[in-house]
Amino acid sequence: MDDKATLHQYLRENRDSLLAKLDGLSEYDARRPLTPTGTNVAGLVKHVASVQLDYFGAVFGRPHGRALPWFADDAEPNADLWVPAEESLDSVRELHAFSAAHADATIDALPLDAPGRVPWWRPASADVTLHRILVHVIAETARHAGHADIVRETIDGAVGTRPDDPNLPFHDGDAWAAYRARVEDAARAAAGAGD
């Protein structure tokens, strides 16, 4: 597999992992804020799909033709990081699919050294290549997929990229509870040792 194909595969895997965090969630659980800053699963999917559209669209002169009102100059801050009641989860999933298809078409059409320009970055770093944008968007997608992992675990205990994830050492609640208790004991012992 060449470098572009390898990077593209990592992007696809991270996108799929993030989107899968919506599976089985109710409208409420998908949208509810679970951190003091409002982090929620549906908002993470919406955000990543939205920024991916511009990174693989506007940056390379390949407009996606989609209105994203949450990115308008008069939009409220963080409007892309939550999903109002009038936006359906299906519309978030559809945006994700549209964004992935647009990004994939750009990646397929251009070589890794294809030049682009990120107008929202500082001028000194705004000139980029497809390679740099692939790495940037993979990193951003993975970061937000990690956020979604934690938020989803908080909602219903679901962990991993899929139910039979081979990277997880335990697959039942009792084993995780015993492990967590050991970690808690070590934290308490370390805190006591510091006194």
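Predicted model: local features only at pLDDT ≥ 70, side-chain atom pairs only at ≥ 80, totals over all residues.
Trainee: How many helices and strands does the protein have?

Mentor: Count 6 helices and 2 strands. Then read their order. From the N terminus, the elements run α-α-α-α-β-β-α-α.

Trainee: What box do the C-alpha atoms fill?

Mentor: Along the principal axes, the box is roughly 55 × 40 × 40 Å. The protein has 195 residues, and 39% of them count as buried.

Trainee: Into which domains is the protein divided?

Mentor: Domain 1 covers 3-163, and domain 2 covers 165-194. Their C-alpha centres lie 32 Å apart. The contact between them takes 5 residues from domain 1 and 5 residues from domain 2.

Trainee: Now the aromatic rings. How many aromatic pairs are there in the whole structure?

Mentor: A search of the whole structure finds 3. To sort a pair, look at the angle between the planes: over 60 degrees counts as edge-to-face. Take Y55 and W120. Their planes are 65° apart, so the pair is edge-to-face. The centres are 5.2 Å apart.

Trainee: Where do Y55 and W120 lie in the chain?

Mentor: Y55 is in helix α3, residues 41-55. W120 is in the loop between β1 (115-117) and β2 (127-129). The two are 65 residues apart, and the pair links distant parts of the chain.

Trainee: Is Y55 buried or exposed?

Mentor: Buried means under 20% relative accessible area. Y55 has 6%, so it is buried. W120 has 42% relative accessibility, so it counts as partly exposed. Y55 and W120 also belong to one aromatic cluster with W121.

Trainee: Which pair does W176 form?

Mentor: W176 pairs with Y179, edge-to-face. The centres are 5.8 Å apart, with 80° between the planes. Both residues lie in helix α6, residues 173-193. They are 3 residues apart, about one turn of the helix. W176 is partly exposed, at 27% relative accessibility. Y179 is partly exposed too, with a relative accessible area of 39%.

Trainee: Rings can also meet charges. What sits over the ring of W70?

Mentor: The charged end of K46 does, 4.2 Å from the ring centre. A second case involves R66. R66 lies over the face of F98, 4.6 Å from the ring centre.

Trainee: How do I check the span of helix α5?

Mentor: Compare an expected span with the distance between the end C-alpha atoms. Helix α5, residues 130-156, has 27 residues. At 1.5 Å a residue, the helix should span 39 Å. The end C-alpha atoms are 38 Å apart, which agrees.

Trainee: What follows α5?

Mentor: G157 does, and its phi is positive, near 85°.

Trainee: How do I read contacts along the sequence?

Mentor: Ask how far apart the partners are in the chain. Take contacts between residues at least 6 apart in sequence. Of these, 69% join residues at least 24 apart.

Trainee: How far apart are A58 and V118 in sequence and in space?

Mentor: They are 60 residues apart in sequence, and 7.8 Å apart in space, C-alpha to C-alpha. A58 lies in the loop between α3 and α4 (89-109). A58 counts as partly exposed, at 42% relative accessibility.

Key. Residues numbered from 1 in each chain as written. Heavy atoms only, no water. Phe/Tyr/Trp six-rings, centres within 6.5 Å; stacked < 30°, edge-to-face > 60°. Helix = DSSP H or I, 4+ residues; strand = E, 2+ residues; numbered from the N terminus. Buried < 20%, exposed > 50% of the residue type's maximum accessible area, 1.4 Å probe, protein only. Lys NZ or Arg CZ within 6 Å of the ring centre and 35° of its normal. Expected span 1.5 Å × (residues − 1). Contact = heavy atoms within 4.5 Å. Domains from an automatic or database assignment.
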